[in-house]
Amino acid sequence: MSTTEQPNKKRVYKPKGMPFRRLGPSGLRVPVFSLGGCEFFETFSVCQREIIKTAFDNGINMIDTAEVYANGKSELEIGRVIKELNIERSDLVITTKVFYGYKHGGSPNDQGLSRKHIIEGTKACLERLQMDYVDVIFAHRPDNTVPMEEIVRAFNYVIEKGWAYYWATSEWSAREIEEAHHVAARFGLIGPIAEQCEHNMFHRERPEKEYDPLYKKYGLGTTVWSALAGGLLTGKYNDGIPEGSRYATHSFLKKSAKALHETPEGKEKINKVRALTKLAKDELDTTPAALALAWIARNPNTSTVILGATSPQQVLDNLKALEVIPKLTPEILDKIDRILGNKPKPVYPEGRPKLDRFAKL
Ligand SMILES: NC(=O)c1ccc[n+]([C@@H]2O[C@H](COP(=O)([O-])OP(=O)(O)OC[C@H]3O[C@@H](n4cnc5c(N)ncnc54)[C@H](OP(=O)(O)O)[C@@H]3O)[C@@H](O)[C@H]2O)c1
């Protein structure tokens, strides 16, 4: 804490031009860019406080975390910093996720989506966060070993208890999300309002095609992760693996880092990022990172893009995406699609299928 700061002064939220959207069909307003707590793991170190402070002071009042991030330490740290910064709880939108548990090698009931783990896991998240409630509790993954009715009822219990205001899913298939809605409708329960999915220029099929009917039917919204493909879309890997970057430091990414510059698939990706870097600079006077983030944010089904940042400067750099959103004209979007060459085909390219040959049209 700098010596000029007064420790007990309430930190007041100012939107600073941040646009807000409803989270799916709910009334909850979320900022178009939110902050992720996953970065507080291997590199769990330096500046979580400064990252959160910078984000909050620049209009980001939503933070996403999970029980599993840094084995619970991400939640502990976020809770501690929010207390220290003296931010009004109602000014914040806090989301966390249960499924993986917070310790390796725990008992079989320390993970998954049983009623037991959903309830005990949520209570433990709140304890670590030092909060009475989270705004949204996510099922971090589907659990097909547990009946869907048990899962939906357990999340509804968590909501009734006031421990979370809404529940949502992460990386569930469209079929699983649909099943949760059917169960909720059948028993008069609350269904999931959002899906936390991977969505970026290299990963489009599920968010843009598989979920398409759910956006229309349930007003599903997405809270997007990996919008920069782990940093790849910033262009920082165009000429090698820079020291200190995620691909250089994270043990489980070292193999992928090597593949980026050595395999045909990796080289193809890098070439596409190079072309996007050029387009960003020449036609939009911006960075490839801001372009990639704006591209996700402009998607009408995106409720919020969760920014991953390992420094306060990355937060500031990434917020430049706000200026790029209005510049994404149909012509620019078309150029991006041509560089990527992976635009998902619509589910029914010519509208719904025609009636079969026995029916009269
Ligand atoms: N639900 C899920 O299953 C799930 C899964 C993963 C993440 N998430 C959530 O989504 C959040 C973001 O995900 P993500 O980390 O995969 O996002 P990402 O945006 O694809 O990658 C973020 C990483 O890119 C690098 N970076 C970011 N901005 C940069 C900039 N301006 N210049 C250069 N490098 C930059 C940083 O890594 P380095 O500085 O280390 O290179 C940063 O950690 C997480 O914190 C978490 O809350 C959810």
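**Helix α1 and its two partners**

A: Helices α1 and α12 are roughly parallel to each other, because an angle under 35 degrees counts as such, over 145 as roughly antiparallel, 65 to 115 as roughly perpendicular and the rest as oblique. The model is predicted: local features require pLDDT of at least 70 and side-chain atom pairs 80 or more, whereas totals for chains, interfaces and linings use all residues. Residues are numbered from 1 along each chain as its sequence is written.

The axes of α1 and α12, the latter spanning residues 312-319, come within 8 Å and cross at roughly 25°. Axes are lines fitted to C-alpha atoms, over the stretch in contact for helices, with angles from 0 to 180 degrees between N-to-C directions. The crossing of α1 with α12 is right-handed (near helix turned clockwise from the far one by less than a right angle; anticlockwise is left-handed). On the α1 side, E50, I51, T54 and A55 make the contact, and they meet P312, V315 and L316 of α12. A contact requires C-beta atoms, placed from the backbone, within 7 Å. Five of the residues joining α1 and α12 are nonpolar, one is polar and one is charged (nonpolar: Ala, Val, Leu, Ile, Met, Phe, Trp, Tyr, Cys, Pro; charged: Asp, Glu, Lys, Arg; polar: the others, Gly among them).

Helix α1 covers residues 48-57 and α2 covers residues 73-85; their axes come within 10 Å and cross at roughly 60°. That angle makes α1 oblique to α2. The crossing of α1 and α2 is right-handed. In this pairing, α1 contributes Q48, R49, I52 and K53, while α2 contributes E77, V81, E84 and L85. The contact of α1 with α2 comprises three nonpolar, one polar and four charged residues.

The C-alpha atom of E77 is 25 Å from that of S107, 30 residues away in sequence. S107 belongs to the loop between β5 (93-98) and α3 (115-129). S107 is exposed, having 9 other C-beta atoms within 10 Å (exposed: 12 or fewer; buried: 20 or more; partly exposed: in between; C-beta atoms placed from the backbone).

The loop that runs between β4 (62-64) and α2 contains A70. A70 is not a glycine, yet it has a positive phi of about 50°. A70 is buried, with 20 C-beta neighbours inside 10 Å. Another non-glycine residue, E171, has a positive phi of about 60°. E171 is found in the loop between β7 (164-170) and α5 (174-187). E171 counts as partly exposed, with 17 C-beta neighbours inside 10 Å.

Towards the other end of the chain, I336 lies in helix α14, residues 330-340. I336 is buried, with 20 other C-beta atoms within 10 Å. The C-alpha atoms of I336 and L279 are 8.3 Å apart, although 57 residues separate them along the chain.

For the whole protein, there are 14 helices and ten strands; these are DSSP runs (helices H or I, at least four residues; strands E, at least two), numbered from the N terminus. Along the principal axes, the C-alpha atoms fill a box of roughly 60 × 55 × 40 Å. Of the 361 residues, 41% are buried. Among contacts between residues at least 6 apart in sequence, 77% join residues at least 24 apart.

Key. Contact = placed C-beta atoms within 7 Å.
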